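This briefing is meant to be read beside the sequence and the three-dimensional view. Please keep both at hand while working through the topics below.

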Amino acid sequence: MRIYLDNAATSWPKPEAVYGAVDRYQREIGIAAGRGGYNDAVAAARIVDAARREIAALIGARNPQHVVFASNGTDALNLAIHGTLRPGDHVVASVCDHNSVLRPLAEQSRSRDVAVTYVGCDSLGYLDPDDVRRAIRPNTRMVIINHASNVTGAIQPLAEIAAVVKGCDKLLMVDSSQSAGHTPINVTELGIDLIAGSGHKGLLGPAATGFLYIREGVERHVQPIRQGGTGVESQLDRQPDELPTRYESGSLNGPGLAGLAAAATFLREQTVEAVARHELSIVSRLWDGLSTMPTIKLYGPAPSPARGPVVSFSARGYDPQEFAAALDSARGIQCRAGLHCAPKMHEALGTLEQGGLVRMSVGWATTAEEIDATLATVEAIVAA
Ligand SMILES: Cc1ncc(COP(=O)(O)O)c(C=O)c1O
């Protein structure tokens, strides 16, 4: 039996209802959502609408029609970044960002002369809202905040940062790929303009699901980056103005969205707060156990509600990849070693040269017994 500790890449297992919803969609509906008037096409469109409503409810968004579906967090971030930035703009991002933000920004810099300021973090991975304030310039188009780091787990003080960004009258975009489903968020209360997320990580949906929520009115700043069939306004030679079709070209991932709707319903019923409590207790067990081992060095903040369910460490004398391979062969422990697509974060932590860290990411279904078995295996490897 494997012990799966790579939930930050994608969550596993999914709630039973997710498997059921995907299977039912494939077998009983199995057609393109929003593309026909017959009964099953309407049923498919209803399922997609339910997914929009559920995601909107989970993030506290007012208008479900402004939840735009994407194929993953990366796809949603690309739409937000390439759709919003104009030649000569300035952007504030941070060293905590993932390559799904860093690389689109680098491309904007190369091809459209966009300037980027990367705000640094403290030794635990937290951003200082005053640093964000100091980085904002008159021509700043957008501030991008990584809500929860996929390396340190640090959950940024979003309310304070949002107040700074709103005070400067700039667009605020949040990458919730590692926070959605792990910690409560209310985009309306925080005044977030754009929030991108993965559907298949903490939101517990199937692979190839993601979303971008665009606050009402903000769509005038966001150009569609893809054109194509939408099933409505087919006489136009451009994208319809209405959301979500303005940004959703081509056939939707019906089975994936059916699963995502079921996952979001599951989270709403369980509550994100209860999942967060469980994950914090599991992270604490893992952190406390690892911190008794003298050759293990932990990174990121100690367990608290201001961190997500990701624990990263180095083991003295071991290359991170080698250590992760040893965990897998000793006990089927599956975790991720390396740079985690976050090179600036590792540079800030001083772990770039050593090839990154070993990362264990737990989830809603991780048990205390799995953590105890993991700790015993780590101990045996470092003692060998
Ligand atoms: C912080 C962060 N942002 C964005 C992404 C990209 O998400 P996806 O895998 O859904 O494309 C990831 C994936 O690990 C991530 O950790």
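Ala56 is buried, with a relative accessible area of 3%; buried means under 20% relative accessible area, exposed over 50%, and partly exposed in between, judged with a 1.4 Å probe on protein chains only. The model is a predicted one, in which local features need pLDDT of at least 70 and side-chain atom pairs count only at pLDDT 80 or more, while totals for chains, interfaces and linings use all residues. Residues are numbered from 1 along each chain as its sequence is written, and side-chain values use heavy atoms, with hydrogens and water left out.

**Ala56 and its surroundings**

- Ala56 belongs to helix H2, which covers residues 39-59; helices (H or I, at least four residues) and strands (E, at least two) are DSSP runs, numbered from the N terminus.
- Apart from neighbours within four places in sequence, Ala56 is in contact with Ala61, Pro64 and Val67, where contact means heavy atoms within 4.5 Å.
- From C-alpha to C-alpha, Ala56 and Asn186 are 9.6 Å apart in space, although 130 residues separate them in sequence.

**The protein as a whole**

- The protein contains twelve helices and 13 strands.
- Its radius of gyration is 21 Å, close to the 21 Å that the globule rule gives for 384 residues, so the protein is as compact as a globular protein of that length.
- The radius of gyration is taken over C-alpha atoms, and the globule rule is 2.2 Å times the number of residues to the power 0.38.
- Along its principal axes, the C-alpha trace spans about 70 × 55 × 35 Å.
- Of the 384 residues in the protein, 54% are buried.
- Among contacts between residues at least 6 apart in sequence, 68% join residues at least 24 apart.

**Surface and charge**

- The accessible surface of the protein is about 15,600 Å², and carbon and sulfur atoms account for 50% of it.
- Accessible areas come from the Shrake-Rupley method with a 1.4 Å probe, and for residues only the protein chains shown count as cover.
- There are 35 positive and 41 negative side chains, and the centres of the two sets lie 3 Å apart.
- Lys and Arg count as positive and Asp and Glu as negative, while His and the chain ends are not counted; the place of a charge is taken as NZ of Lys, CZ of Arg, CG of Asp or CD of Glu.

**Two domains**

- The protein is divided into domain 1 (16-270) and domain 2 (271-383), with bounds that come from an automatic or database domain assignment.
- The C-alpha centres of domain 1 and domain 2 lie 27 Å apart.
- Domain 1 gives 30 residues to the contact, and domain 2 gives 28 residues.

**Ser176, a buried loop residue**

- Ser176 is placed in the loop between strand S6 (171-175) and helix H7 (187-190).
- With a relative accessibility of 1%, Ser176 counts as buried.
- Not counting residues up to four places away in sequence, Ser176 touches His147, Ile195, Ala196, Gly197 and Phe211.

**Two further helix residues**

- Arg24 lies in helix H1 (residues 16-29) and is partly exposed, with a relative accessible area of 46%.
- The C-alpha atoms of Arg24 and Ala258 are separated by 8.7 Å, while the two residues are 234 residues apart along the chain.
- Ala163 is found in helix H6 and is exposed, with a relative accessible area of 51%.
- Ala163 and Asp128 are 35 residues apart in sequence, and their C-alpha atoms are 13 Å apart in space.

**Backbone features**

- Most residues other than glycine have a negative phi, and most peptide bonds are trans.
- The peptide bond from Trp12 to Pro13 is cis, with omega near -5°, and Pro13 lies in the loop between strand S1 (3-4) and H1.
- A cis peptide bond also leads from Leu243 to Pro244, with omega near 5°; Pro244 lies in the loop between strand S8 (210-214) and helix H8 (254-270).
- Asp169 is not a glycine, yet its phi is positive, near 60°.
- Asp169 sits in the loop between helix H6 (158-167) and S6, and at 70% relative accessibility Asp169 counts as exposed.
- Thr271 also has a positive phi, of about 80°, although it is not a glycine.
- Thr271 is placed in the loop between H8 and helix H9 (272-291) and is partly exposed, with a relative accessible area of 30%.
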